[in-house]
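Please keep the sequence and the structure in view while reading.

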Amino acid sequence: MFRILASNAYKAAKTVYRPISKVSKTLPILAHVLIRPHAGAVAFTTHDLVEPLTETSTALWNGEPFETCVPMRALKDFLGVMKQNKDEVLTFVFDPHIMRLIVTTDPHDGMKSRTEFKCLDANEFPPVALPS
C-alpha cells in the first residue's frame with residue numbers, strides 16, 4: 001500500500017506513457033505500466049523491448065513489497081481526471097489474490113471514490129532494475 005498525490009502520480013505516468021504500438025498488440029504486457037514502491041517512492045516503468053522508461057515519485061509507502069502491471073492508458077486517463085484536484089491523495093492497494101490494484105481517495109464531503117484496475121503478473125514484464 002502506498003499513498004501519493006494524484007498530480008504526482010499523473011506526472012510520473014505521463015512521463016513514461018507510450019502510445020500502443022504494433023508490438024504491444026502482440027505482447028499485451030507492453031501496454032501496461034509496472035508499478036513498484038521502494039525507498040519512500042514509487043516507480044512507474046514502461047518498456048518497448050528496446051529500452052525501459054522509468055519515473056519515480058515520492059510516496060508514503062507502508063513497506064509491504066509488491067509489484068504489478070496495470071493497463072497504462074486506463075491508469076493515465078484515470079489519473080488525468082484525479083489530478084484536477086491538486087491536493088487529492090490517492091491510496092493504492094494491490095490485492096494479489098484477485099490481481100487487482102484498488103485506488104481510493106480520501107473522503108470529501110462524506111464521499112469516497114474507489115476504482116479497481118485488473119492487473120497482470122509483474123513476472124510477465126521484461127526485466128528492469130529499480131532506479132537507485
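Across which strands does helix α1 lie? In this predicted model, helix α1, formed by residues 6–16, lies across β1 (2–5) and β7 (89–95). The helix runs at about 85° to β1.

## The sheet containing β1 and β7

Strands β1 and β7 belong to an open sheet of five strands, whose order is β5-β1-β7-β8-β9 and whose pairing is antiparallel. The edges are taken by β5 (60–61) and β9 (114–118); each has a single partner strand, so one side of each has no neighbour in the sheet.

Strand β8, covering residues 100–105, is joined to β9 by five bridges in the antiparallel sense. Within this pair, Arg 100 is placed opposite Lys 118 of β9. Helix α3 (residues 72–82) also packs on this sheet, where it touches β7, β8 and β9. The direction of α3 makes about 155° with that of β7.

## The sheet containing β2 and β3

Another open sheet has five strands in the order β4-β3-β2-β6-β10, again with antiparallel pairing. Here β4 (52–58) and β10 (120–121) are the edge strands; because each has a single partner strand, one side of each lacks a neighbour in the sheet.

Strands β2 (residues 32–38) and β3 (residues 41–47) run antiparallel and are connected by five bridges. Pro 37 has Val 42 in β3 as its bridge partner.

## Helices on this sheet

Helix α1 packs on the sheet through β2, β3 and β4, and its direction makes about 170° with that of β4. Helix α3 touches β2, β3 and β6 (68–71), with its direction at about 70° to that of β6.

Key. Residues are numbered from 1 along each chain as its sequence is written. This is a predicted model: local features need pLDDT of at least 70, side-chain atom pairs count only at pLDDT 80 or more; totals for chains, interfaces and linings use all residues. Side-chain values use heavy atoms; hydrogens and water are left out. Two strands pair if DSSP finds at least two bridges between them. Helices (H or I, at least four residues) and strands (E, at least two) are DSSP runs, numbered from the N terminus. Contact means heavy atoms within 4.5 Å. Axes are lines fitted to C-alpha atoms, for helices over the stretch in contact, and angles run from 0 to 180 degrees between N-to-C directions.
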